[in-house]
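Hi,

Here is the structure I promised to pass on to you. My notes on it follow below.

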Amino acid sequence: LGQVLDTYLVVPVPAGMWLIDQHVAHERILYEQVLEAGERGGRTPSQELLVPMPITLSPALAALVEEHREFLDTLGFAVEAFGPRDWVVRAVPASLRGPSPRRLTALLEELGGLLEDGGPTLVERAAAAIACRGAIKAGEPLAPEAMRHLVRSLASVANPFACPHGRPIILQLDRREIERRFGRT
């Protein structure tokens, strides 16, 4: 039906209505797309930058990026060393919107922390970080077609009820709750 507070989508359902948090819904969709690409043994879809973006990393992060370039490539990044701490980013995951040197450095720092920890959930945690950074933000107005596309895409994911961090995506208000709130019961 529309959007409330530029954050929640209002969707009528037979039992009442749903409020869908647009950020966590989009985050879940992007998360599953990144995981699916990894499960197929492929590379997360990426977008080449029209102008390669130079970034400067801390020595520790530069060493991690160098050590894990192949893993970063599977996540959709194309990075090249340009000096001891300077790197050039040539491509980023397609889900990242409006990459900037500051945003890319912050994401690489987050991924660097995950790489240091390692573990069996590295791919899932990296996918969650990329999805969160790339998802539509709360407070962002959406056109009606974008809202419909988001709801349709959410219907096709394996878990449409929680984001990768465990936050709920959908709040259901059933008919009885709505009627109770209006004093109709």
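Val 4, Leu 5 and Tyr 8 together make a nonpolar surface patch of about 290 Å². Patches here are made of residues with over 30% relative accessible area and no salt bridge, with nonpolar side chains joined within 5 Å; accessible areas come from the Shrake-Rupley method with a 1.4 Å probe. Tyr 8 sits in strand β2 (residues 8-13) and is partly exposed, at a relative accessible area of 33% (buried is under 20%, exposed over 50%, partly exposed in between).

Please bear in mind that this is a predicted model: local features need pLDDT of at least 70, side-chain atom pairs count only at pLDDT 80 or more, and totals for chains, interfaces and linings use all residues. Residues are numbered from 1 along each chain as its sequence is written, and side-chain values use heavy atoms, leaving out hydrogens and water.

Now to helix α1 (residues 22-39), where His 26 is found. His 26 is buried, with a relative accessible area of 15%, and its side chain reaches the backbone nitrogen of Ile 136 at 2.8 Å. Leaving aside residues up to four places away in sequence, His 26 touches Gly 134, Ala 135, Ile 136 and Leu 150 (contact means heavy atoms within 4.5 Å).

Glu 27 is in helix α1 as well. Glu 27 is buried yet lacks a salt bridge, the nearest side chain of opposite charge being Arg 167, 5.1 Å away; a salt bridge needs a side-chain nitrogen of Lys or Arg within 4 Å of a carboxyl oxygen of Asp or Glu.

Best wishes

Methods: Patch = residues over 30% accessible without salt bridge, like charges linked within 9 Å, V, L, I, M, F, W, Y side chains within 5 Å. Helix = DSSP H or I, 4+ residues; strand = E, 2+ residues; numbered from the N terminus. Buried < 20%, exposed > 50% of the residue type's maximum accessible area, 1.4 Å probe, protein only. Polar contact = N/O pair within 3.5 Å; in protein donor to acceptor, adjacent residues only side chain to side chain. Lys, Arg positive; Asp, Glu negative; His and termini not counted.
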